[in-house]
Amino acid sequence: MSEGPAIGRDEWVARADEIIERHRLLGLADRVPGWARLLAFVVAVAAIPLITDDGYVNSVVFDTLVFCLLALGLNVAVGWGGLLDLGYIAFFGFGAYTYAILSSDKFGLHLTSPLVLVIVLVLGALLGFLVGLPSWRLVGDYLAIVTLFAYQIFISLVTNGHDLFGVDLTGGVNGISDLDPFDVFGFELPVSHRGIFNSNYVYVALVLFVAVFGALHLINHSRIGRAWRALREDTLAAELMGMPTDWLKLLAFAFGASVAAMTGSLFASLKIGVFPETFSLTLLITVYAMLILGGVGSQTGAVLGAVVVYVFLEALRNADVSGWVFYLAVVLALLYLLRPRWMVAVVLAATVAFGFVAHAVAGAIDESWTAGAPPDAGAVTRALDVWVAIPASPGDAKPVAYVVLIALLLVTTVVTGVRRYALLVPTLYLAAFVWETVLAPQPDVTRFALLGALLVGIMITRPWGILGERRVEIV
Amino acid sequence: MDYDKLFQTLVNSATLGSTYALIALGYTMVYGILKLLNFAHGDVFMIGAYVGFGVLTATGGALDPAFSPWLVLVLMALAAMAACALLGVSIERFAYRPLRDAPRITPLISALGVSFFLSNSVQLLFGAEHRTYDTFNIAGGTLYEPAATLGSFSISWLRVITVVSAIVLMVVLWYLVTRTRIGKAMRATAIDRDAAAMMGIDIDRVIMFAFLLAGGLAGAAGVLFALRTDLFPQMGFTPGLFAFTAAVIGGIGSIPGAMLGGYLLGTVEALTVTYVTVWVGLPVGLSNFVIFSLLIVFMLFRPQGILGRPEIRKV
């Protein structure tokens, strides 16, 4: 739980602990200038296709860059403008659909991709203006809900766009397929090169990323950027200082929308087709989680959050590494939350001991209680089979274990002292059980359930994210 | 003029409106007290529907009930109400209470996270497939038989039950809020939380009570809604969004406003699906387009809703 500055204490003194910790953790990162950080990131990403020609790895790198761009765009409206935009994914979808319409056989148009990007940039900004217009009259939750309506309108339009007054614009639920690959004035970039993912797409995305990152950085350090921050901290004061607040809000929406729309075009150029369900709320929540984890208002944070969350989500999909990722994340969470840190070792040792006892007891009562193991188990699962008691047919035990685990986790956040450590032991063991029986077999759902829990967790423990500036509420 | 169609549309709007009103009450009570848009409320509603399904299955299912099907229905509703009330209270305790003094955007994102977590958890445990209560077989199909007929018009038991139980619940709520001590405390807290705390009102208890009521109503709404539609993990989103809108239209924070807004929105939706899309010449699937466009226009011109008062910003 975050505590505000104490009454009667100097603001800086009240935040001293936080500032000291921040400098200890991130002192090095802070001292590296922004351009060097960007350069290091670009070089690292650019090197990946040279090191490996694994198509999967390169496509993950491409998708990570797409999410970095999305998080950067969202940061403009949410982080700098302080406007909660829940219709953001509609701009992304708009860009993808515009690309699909302008360069596919749908209407026989095959425009060159840089031209499409420029068109999308302009149209995206106009759409951003339009969706941002309600911000003149509405603030806060009301604005959020209206942008959510705008998103619903977008989804409703593309899902039913196969029959708009007799014109088939978007292909309805079937979407638009057979899109042209990215091409620069006739020089085409085939999506797959000798049967594997064409790593040149990584470079296209990287160029766009650097352009967007640089442009947004410059804007943030200009008059407009400073005005946005004033707007975010106190709209009324900003207005009284003579700032055109209505216009600034529209600009924030428009910049975010352009970035999202261009990213949508880039995304579409790689995919076989565009479909309404791609642009789901799941995507919206994912981008929000990235931005919030990284730190709202920080460009480096947005990129960091996108990389961490996307790599985490991808790793959970892979049965070989998902177990490692999960258990490692649990240990890291314990290290972050438990004080003193050596208690982590005690708790883990107790959990291991508890596990062997539980496994032995369960095996002694009934052989079948420990007989089960997932059929396509990864290395971690096989190693844990001697420790986690998995019944031959967990069946009804699964929902019960899941609900009890959540209840236990919640209770551990409330109790203190020795009781918390004592409670953590069965909780961790149960977490291992739930992971092996419920979570690991359904990675596609698990990763999003975990993402939801992560959002709540960040909001409660560290709402300003890893790199974000902690905002001070002025009372 | 096809009066039969009009009558059916109006009956539809009353049933839809009842569900929306029940959910909208939950939004409005929580918003009134905490100024929090509880995104997770739609998913609490969804879990209510699933709890009802669990009770129905445990008592032998629609075809082979262990005892009277009417008792099973009552039991489903009560179990869903109890479970959702508990769920609502725990969400408040663990996801919102630590953020009570944080900037308003913080609990809002926490609520998004809870919503996402709940729907994905249900999908983890029970799968993404659509299920139904198999209402056609409950009590041998009695629910679909007309309860009343007037000339060529008829109205089925299912719709009568939905509307009547919603109204009963709303009367109970109205009584609790206007005639009991805790209801009075709720209203006081909604007007000014700090002043209420200084008058000796236990704010935590009042907020907990609001979430309890909100959850209970959402649970009942979940069972009533699922009698007519499929159950799936994301089923809470659209009704949740509509109900929130209903609360906003009626004037968020106002309890009669939420009821009014619920029925109004039910009517708008039913009329749009039946008539407006036909007049404009759009496919029925685009009814959402029409509804949401109307809502944006409404929000722009009267964000405080029909019965709400405009929020005055103090500097």
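Author: Start with His41(B). Its contacts, not counting residues up to four places away in sequence, are Ile23(B), Gly26(B), Tyr27(B), Ala214(B), Gly215(B) and Ala218(B). Contact means heavy atoms within 4.5 Å. This is a predicted model: local features need pLDDT of at least 70, side-chain atom pairs count only at pLDDT 80 or more, and totals for chains, interfaces and linings use all residues. Residues are numbered from 1 along each chain as its sequence is written, chains are lettered from A and ligands numbered from 1 in the order in which they are written, and side-chain values use heavy atoms, with hydrogens and water left out.

Reader: What makes His41(B) count as buried?

Author: Its relative accessibility is 2%. Buried means under 20% relative accessible area, exposed over 50%, and partly exposed in between (1.4 Å probe, protein chains only). So His41(B), at 2%, counts as buried.

Reader: Why is the pair of Phe129(A) and Trp247(A) called stacked?

Author: A search of the whole structure finds 24 aromatic pairs over all chains. In this one, the ring centres are 5.9 Å apart and the planes meet at 15 degrees. Rings of Phe, Tyr and Trp (its six-membered ring) pair if their centres lie within 6.5 Å; planes under 30 degrees apart count as stacked, over 60 as edge-to-face and the rest as tilted. Both values pass, so the pair is stacked.

Reader: What does this pair tie together?

Author: Phe129(A) lies in helix α6 and Trp247(A) in helix α11 of chain A, so the pair ties together parts that are 118 residues apart in sequence. Helices (H or I, at least four residues) are DSSP runs, numbered from the N terminus.

Reader: Are Phe242(B) and Phe292(B) buried or exposed?

Author: Phe242(B) has 2% relative accessibility and counts as buried. Phe292(B), at 0%, counts as buried too. Their rings form a stacked pair, 5.5 Å centre to centre, with 5 degrees between the planes.

Reader: How do you know that α19(A) is roughly antiparallel to α4(B)?

Author: The two helices pack at an angle of about 155 degrees, with their axes 7 Å apart. Axes are lines fitted to C-alpha atoms, for helices over the stretch in contact, and angles run from 0 to 180 degrees between N-to-C directions. Under 35 degrees counts as roughly parallel, over 145 as roughly antiparallel, 65 to 115 as roughly perpendicular and the rest as oblique. So α19(A) is roughly antiparallel to α4(B).
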